[in-house]
Amino acid sequence: MISWKNLDELKSFQELKEVEKVNLREVMSGEKGAERVKNYSVPMAEGFAYNYAAKAVDENVIDKLAQLAEEANLVEKYEALLNGEVINTGEKRLVLHQLTRGQLKDDVMADGTNKRDFYVEQQTKMAEFAKKVHAGEIVNEQGEKFTTVCQIGIGGSDLGPRAMYLALEDWAKKNDTFFMDAHFISNVDPDDATSVLNSIDVAHTIFILVSKSGTTLETLTNEAFVNDALTKKGLNPSKHMIAVTSETSPLASSDNYMAAFFMDDYIGGRFSSTSACGGAVLTLAFGADVFADFLAGAAEEDKLALNKDLRKNPEMLDALIGVYERNVLGFGTTAVLPYSQALNRFPAHLQQLDMESNGKSVNRFGEPVNYVTGPVIFGEPGTNGQHSFYQLLHQGTDIIPLQFVGFKNNQNGNDVTIQGSTSQQKLLANVAAQIVAFACGKDDENLNKNFKGGRPSSIIIGEQVNPRTLGALLSHFENKIMFQGFAWNVNSFDQEGVQLGKTLAKNVLSGNTDGALKCYSDLLNI
């Protein structure tokens with residue numbers, strides 16, 4: 001029987017608070033540190049390893065976290081999700097983004113439909129459409145091939161797909177599976193759409209309008225912006241636009257689109273990179289085989305999250321160490337630091353994925369919680385971040401846990417040797433140095449040059465960014481966030497916090513304002 005209790009109701013959590021704290025600087029120094037690096041590592045899918053040696057935990061802490069995982073039924077809750085139980089209590093919906101990856105449970109029924117069959121059907125439709133575009137069977141009005149794809153969407157319709165595209169763009173070019181250049185329009189600021197439209201050949205561009213409801217204000221505004229640009233060039237917008245939407249939206253059967261691919265209410269926007277939301281643009285850009293490999297990598301990592309042994313479940317271990325840092329050690333922020341330029345927008349995607357999921361102050365039953373929940377997430381790729389905000393990370397008054405991601409090889413094989421080492425070696429030397437510098441610090445009588453150390457980090461180490469490893473990495477973070485939401489007893493799958501601002505913005509545009517809202521509207525000359 002699954003028990004949905006608040007974190008502070010768990011006996012294991014109360015005991016966790018009493019476990020002796022780890023002196024990270026001490027345990028990471030000398031031979032102790034070397035042994036930890038060897039032993040505090042968990043294999044992941046696709047050749048990854050999650051190494052948590054530089055976290056402020058030891059066997060006593062991990063033992064208590066394992067008890068917490070068992071008492072909170074974390075894996076059982078994941079199993080319930082996969083079996084099609086209503087886990088999204090706020091919206092009374094199933095949670096099915098893992099089902100797009102095609103494993104674990106393939107007969108989940110909803111709305112009288114086998115959802116696995118539904119997702120496969122959409123993937124097949126996208127593959128067939130993309131194949132015809134690449135072969136020149138679907139062309140523009142002049143009978144010429146489309147060379148570019150541009151996605152119009154915001155939030156989860158933009159951040160995840162954009163991050164995944166950028167992560168694979170150079171890999172696809174290197175591996176002869178790059179078919180179409182992709183661009184993205186998201187911000188309702190007209191400068192965003194103008195900039196993108198000025199940089200592409202619209203006559204040879206397919207635009208993807210992504211809106212589940214078909215009513216998203218920013219997205220429909222940008223669609224009108226694009227349609228206006230097409231019309232001014234004498235082009236028929238309906239011959240350049242496809243839709244990714246729900247089957248019940250006004251876009252689904254509209255003559256304004258060449259084709260429509262469907263998503264549903266059981267996959268939240270921030271979890272939709274493996275649905276048609278990410279699938280359409282990635283399949284057009286790189287081909288169906290690349291998207292299939294991306295899904296396969298995610299599927300393999302999903303399977304690992306079912307292991308009830310905490311020390312063999314990298315997602316649950318990462319999640320509970322994060323809970324320990326947030327709720328026992330009191331750290332309110334986490335920095336995500338990929339040492340790979342291919343992942344330059346991955347932290348932005350994780351900002352939404354994490355903060356929109358677990359930025360909650362009530363539990364899954366709508367009752368206030370008496371403890372802190374989701375952390376603030378930010379990040380930039382290394383080594384750029386080192387020359388930006390690492391000063392605060394090393395010597396600031398707040399301790400900020402760090403999540404590094406590193407790859408042994410770059411994507412394109414191009415490199416140079418300077419001063420006895422390659423660029424890739426220099427990159428990896430920096431991430432190794434940073435982990436130890438944060439943990440161990442350095443004493444100096446000059447306090448301005450003194451590093452206290454004791455700053456915890458983990459690192460996910462892989463071979464190379466490619467479709468399968470990217471899928472596994474995405475799954476890791478999606479499932480980590482899921483487990484943390486289960487531990488905090490919050491609903492990680494709705495986002496009521498974004499609704500109030502939308503409503504008030506509509507009031508402003510309709511002139512239905514008073515008080516401070518009217519004054520701000522007047523100040524902005526709306």
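By class, the residues lining the largest pocket of this predicted model comprise 18 nonpolar, 19 polar and 10 charged residues. The largest pocket has a volume of about 1300 Å³. Its lining consists of 47 residues, and those nearest the centre of the pocket are T216, Q495, V498, Q499 and K502. Three helices, α9 (217-232), α13 (346-358) and α17 (499-510), each contribute at least two residues to this lining. The largest share comes from α17, which supplies 7 residues.

Across the whole structure, a search finds 5 cavities of 30 Å³ or more. The volume of the largest cavity is about 150 Å³. Its lining draws at least two residues from each of α12 (314-327), β10 (333-339), β12 and α16 (467-488). Helix α12 provides the largest share of that lining, 5 residues. The following table sets out the two spaces.

| Space | Volume | Lining by class |
|---|---|---|
| Largest pocket | about 1300 Å³ | 18 nonpolar, 19 polar, 10 charged residues |
| Largest cavity | about 150 Å³ | 7 nonpolar, 6 polar, 6 charged residues |

The next element is strand β7. Because 6 of the 6 residues of β7 (residues 205-210) are buried, this strand is largely enclosed by the rest of the structure. The side chains of T205, F207 and L209 point one way from β7, whereas I206, I208 and V210 point the other way, and all of these residues are buried. Strand β7 pairs in the parallel sense with strand β5 (residues 148-152) over 5 bridges. In that pairing, T148 stands opposite T205 of β7. Strand β7 also pairs with strand β8 (residues 241-245), again in the parallel sense, over 4 bridges. Here V210 stands opposite V244 of β8.

Residue K408 belongs to the loop between β12 (402-407) and β13 (417-418). With a relative accessible area of 47%, K408 is partly exposed, because that class covers values between 20% and 50%. Apart from residues up to four places away in sequence, K408 touches Q424, L428, I461, G462 and E463. With E463 there is also a polar contact between the two side chains, at 3.3 Å. By contrast, K408 and Q122 are 35 Å apart in space, C-alpha to C-alpha, and 286 residues apart in sequence.

Most residues other than glycine have a negative phi, and most peptide bonds are trans. A cis peptide bond joins G382 and T383, with omega about 10°. Residue T383 is placed in the loop between β11 (376-378) and α14 (390-395).

Two residues have a positive phi. N73, which is not a glycine, has a positive phi of about 55°, and N73 is found in the loop between α4 (59-71) and α5 (74-82). At 12% relative accessibility N73 counts as buried, because the cut-off for that class is under 20%. K92, also a residue other than glycine, has a positive phi near 55°. Its place is in the loop between α5 and β3 (109-110). K92 counts as exposed at 68% relative accessibility, because exposed means over 50%.

Note on methods. Residues are numbered from 1 along each chain as its sequence is written. This is a predicted model: local features need pLDDT of at least 70, side-chain atom pairs count only at pLDDT 80 or more; totals for chains, interfaces and linings use all residues. Side-chain values use heavy atoms; hydrogens and water are left out. On a 1 Å grid over the protein atoms alone, a cavity is a set of points where a 1.4 Å probe fits but cannot get out, and a pocket is an open set with protein on both sides within 12 Å along at least five of seven lines; lining residues have an atom within 4 Å of a point. Grid points are joined across faces, edges and corners, and a volume is the space filled by probe spheres set on the points. Ala, Val, Leu, Ile, Met, Phe, Trp, Tyr, Cys and Pro count as nonpolar, Asp, Glu, Lys and Arg as charged, and the others, Gly among them, as polar. Buried means under 20% relative accessible area, exposed over 50%, partly exposed in between (1.4 Å probe, protein chains only). Contact means heavy atoms within 4.5 Å. A polar contact is a pair of N or O atoms within 3.5 Å; within protein, one must be able to donate a hydrogen and the other to accept it, and residues adjacent in sequence count only if both atoms are side-chain atoms. Two strands pair if DSSP finds at least two bridges between them.
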